[in-house]
Amino acid sequence: MSTDSAAIPAPESSLRPVALVARAVVLETVRRREFYVLAIFMGIFLAGALIAEIVGIENPATGTFILDLGLSLCVVFSQLVTLLTAARQIPDELEARTLHPLLAKPVSRGQCLMGKWLASVFVGVFALGVMLLMGWVPAPKMERYYDLTLLQALVLQVAAFCVIAALALLSSLFIPKMLNMVLLAIIVFKSSTIIGFLQARAAGTALEDVVRWLTGYIPDFSHFNLVQAYTGGVEPVGFETFTLRLAYAAVLSTIYLAAAVWVFNRRTV
Amino acid sequence: MKATARVASAAALALFLVSPILPLQLSTQTVGGGRGDSVEAAEQRNASAFAIILGEFRTNVSDMIFIKTERYLDSGIAYLPHINTDAMAQSGEIETRRRQPAGHDATTCTDPSHHHDHDHDHDHDHDHATSETDHESTDSVAALQRQVEQGLTTAKMREAAALKPGETTGHDHTHEFVDTIIRTAEKDFRGFIGHLERRVKPWRDPRLPHRHTAGTELLPWYRLATMSNPQFVRGYLIGAWWLKKQRTEEQTLEALKFIEEGIANNPNAFQLHLMRGHILRALKRDAEALQSFRRAADLGIAQRPPDGKEGPTWTSYNEDDITAAILLSVFIERDTKGREAALTLAREYRSRMETFPPLDRVIRSLEQPTQTPQGNANASDSP
């Protein structure tokens, strides 16, 4: 009986190393300065929004502008935190030579990567929560907004964190750290512009459909951003549209994580 | 174990290969920015103190284009939009309109060249659902076209559209001057630095008449904006409008090409079909224009709330556009196929909406065979 138990580990035993790695990453991230720097920037917005409230806001459109700015900063900063956390994990472990002791423990490379991914997503969610307290709570709400649209926007942001973390881990396995961070920032914040530009160039030509298909391989993070829909007073998106966006995030995360595990398992450290 | 890993890798690869299906599907289900996309909201937020403090740091392409449009039409000079910081500091008044002498308004002004709607105010506060007299101006094709233009563009843009490339026009603002963002020497505490900035950057004493230039230099901005964001419907509309205003056949055909690209990227944006109709009318292709107007009307009616009430997704500009699309369809149908055909079409449109006073009036006039409908006299007005 006891031999069988040793041979077939219980389900929680395979998750335990993942949780431990994730915990270590979160603790390490708390000691980093980036999050605090971004929080200071958010604090500047908070001060501006409070001053605007005291001085008086001219019209509802300006109130909505401030709310939109606050939420957009929340989203951008929390995406940045996720990106920086995930992109740094493997290169820093390799540089500090702490990966060897970690892998010497009963932790597989896949579990190590999953732990780092989970932690990056968690850090992003935590950052979003803190930023929301500074960016959404004090912002004026002078027009009609749908709470459910906000909820959908937040859920889609968490989905975006999953994709960002997975993509950052994958690209960090073969691109130098700083270059990786810059490239990822371009993809995360400007991919829809790049895609639109390429598609518009090919519009009306024989390559139009091919380009539309090929640009589909570039992750388009604008599909996860409903902030302007919320501040614009748009009703919640339909179930099908929302589910499709979540499915897009799930597919991208799965592909990038699978590729990352595959590359990491074959890489010499 | 290895077999499982191999299957998982193959599954992930297959998933990757077919993954573009999802973004392609999602690109057909875009979510608009609601009331934030309207001209009124853009003007209000760009004129706010908060926006002034942020300078040109804006969150969306349409705001950037809005600022660029203002700058280009004013020969690159950055004027302070609708805000007087001195007055704000002294009296707490946040938003001020351009300063005018007491008693000076549209009724007292004797200068025929002076446009009193010059500060881009749009009178879009009329009640579409109840007032019929508000729509008396919608009885002719030309009036409908003017109404659409007023919703789409500012007075300054319409004024600049009359200019040819390289031409400038002086606009006397001595009785309603607006400060520049770069301050005058008397108000600038920076001394030499301020002097240097005034010399290096486009600047003109705000007390001198404004110099307006043609808007053709704006066209690359609209091209760039629509390339980077193919869902930027206003970019397509205004870009096509500028091209059409060049009044040469070559440019009008270019406008048609541009608007058709917009339709390919945004097939459900009824305003694009409406603009296509206007361009085709300018090209004297009336049969195709009618098809475009009818397509605009069909799409617009499907998107319009049954009672036509304004909301985040349906603004007064949308109501003006759908009014134009429906009435133009009916008027052109009447002119090409006769009164009965127009009446049938009008009734068919009316049956799909709870209220629509402009169409009720047109139906009544079409139902009176002996009396010439109000719109008849002007129906053939050229755009």
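Reply:
**A charged pair and its surroundings**

In chain B, the side chains of Asp360(B) and Arg350(B) form a salt bridge, with 2.5 Å from N to O (a side-chain nitrogen of Lys or Arg within 4 Å of a carboxyl oxygen of Asp or Glu). The pair links distant parts of the chain: Asp360(B) sits in helix α17 (residues 357-367) of chain B and Arg350(B) in helix α16 (residues 339-351) of chain B, 10 residues apart. Helices are DSSP runs of H or I with at least four residues, strands are runs of E with at least two, and both are numbered from the N terminus.

This is a predicted model, in which local features need pLDDT of at least 70 and side-chain atom pairs count only at pLDDT 80 or more, while totals for chains, interfaces and linings use all residues. Residues are numbered from 1 along each chain as its sequence is written, chains are lettered from A and ligands numbered from 1 in the order in which they are written, and side-chain values use heavy atoms, with hydrogens and water left out.

The side chains of Arg350(B) and Asp360(B) are also joined by a polar contact of 2.5 Å (N or O atoms within 3.5 Å; within protein, one must be able to donate a hydrogen and the other to accept it, and residues adjacent in sequence count only if both atoms are side-chain atoms). Asp360(B) counts as partly exposed, at 22% relative accessibility. Buried means under 20% relative accessible area, exposed over 50%, and partly exposed in between, with a 1.4 Å probe and protein chains only. Leaving out residues up to four places away in sequence, Arg350(B) touches Thr355(B), Phe356(B), Leu359(B), Asp360(B) and Ile363(B), where contact means heavy atoms within 4.5 Å.

Other salt bridges come next. The whole structure holds 18 of them over all chains. One joins Arg276(B) to Glu260(B), whose closest N and O atoms are 2.9 Å apart. This pair, too, links distant parts of the chain, with Arg276(B) in helix α13 (residues 270-282) of chain B and Glu260(B) in helix α12 (residues 249-265) of chain B, 16 residues apart. Arg276(B) is buried at 18% relative accessible area, whereas Glu260(B) is partly exposed at 33%.

Arg190(B) and Asp188(B) meet in another salt bridge, at 2.9 Å from N to O. Here Asp188(B) is buried, with a relative accessible area of 11%, and Arg190(B) is partly exposed at 30%. Both belong to a network of salt bridges that also takes in Glu197(B), Arg198(B) and Lys201(B).

Helix α15 (residues 316-337) of chain B has 22 residues and spans 31 Å from its first C-alpha to its last, close to the 32 Å expected at 1.5 Å a residue. The expected span is 1.5 Å times one less than the number of residues. Of the 22 residues of α15(B), 19 are buried, so the helix is largely enclosed by the rest of the structure. Gly338(B) follows α15(B), and its phi is positive, near 105°.

Chain A has 11 helices and 0 strands. Of its 269 residues, 49% count as buried. Among chain A contacts between residues at least 6 apart in sequence, 87% join residues at least 24 apart. Helix α7 (residues 147-172) of chain A has 26 residues and reaches 37 Å, close to the 38 Å expected. Because 20 of its 26 residues are buried, α7(A) is largely enclosed by the rest of the structure.

Val18(A) lies in helix α2 (residues 11-30) of chain A and is buried at 9% relative accessible area. Beyond its neighbours within four places in sequence, Val18(A) contacts Gln111(A), Met114(A), Gly115(A) and Leu118(A). Val18(A) and Trp117(A) are 99 residues apart in sequence, with 9.4 Å between their C-alpha atoms.

The last feature involves both chains. A nonpolar patch on the surface has about 810 Å² of accessible area together, and its residues include Val210(A), Trp213(A), Leu13(B) and Phe16(B). Patch residues have over 30% relative accessible area and no salt bridge; like charges are joined within 9 Å, nonpolar side chains (Val, Leu, Ile, Met, Phe, Trp, Tyr) within 5 Å. Areas come from the Shrake-Rupley method with a 1.4 Å probe; for residues, only the protein chains shown count as cover. α9 (208-215) of chain A and α1 (2-18) of chain B each supply at least two of the patch residues, and the largest share, 4 residues, comes from α1(B). Val210(A) lies in helix α9 of chain A and is partly exposed at 43% relative accessible area.
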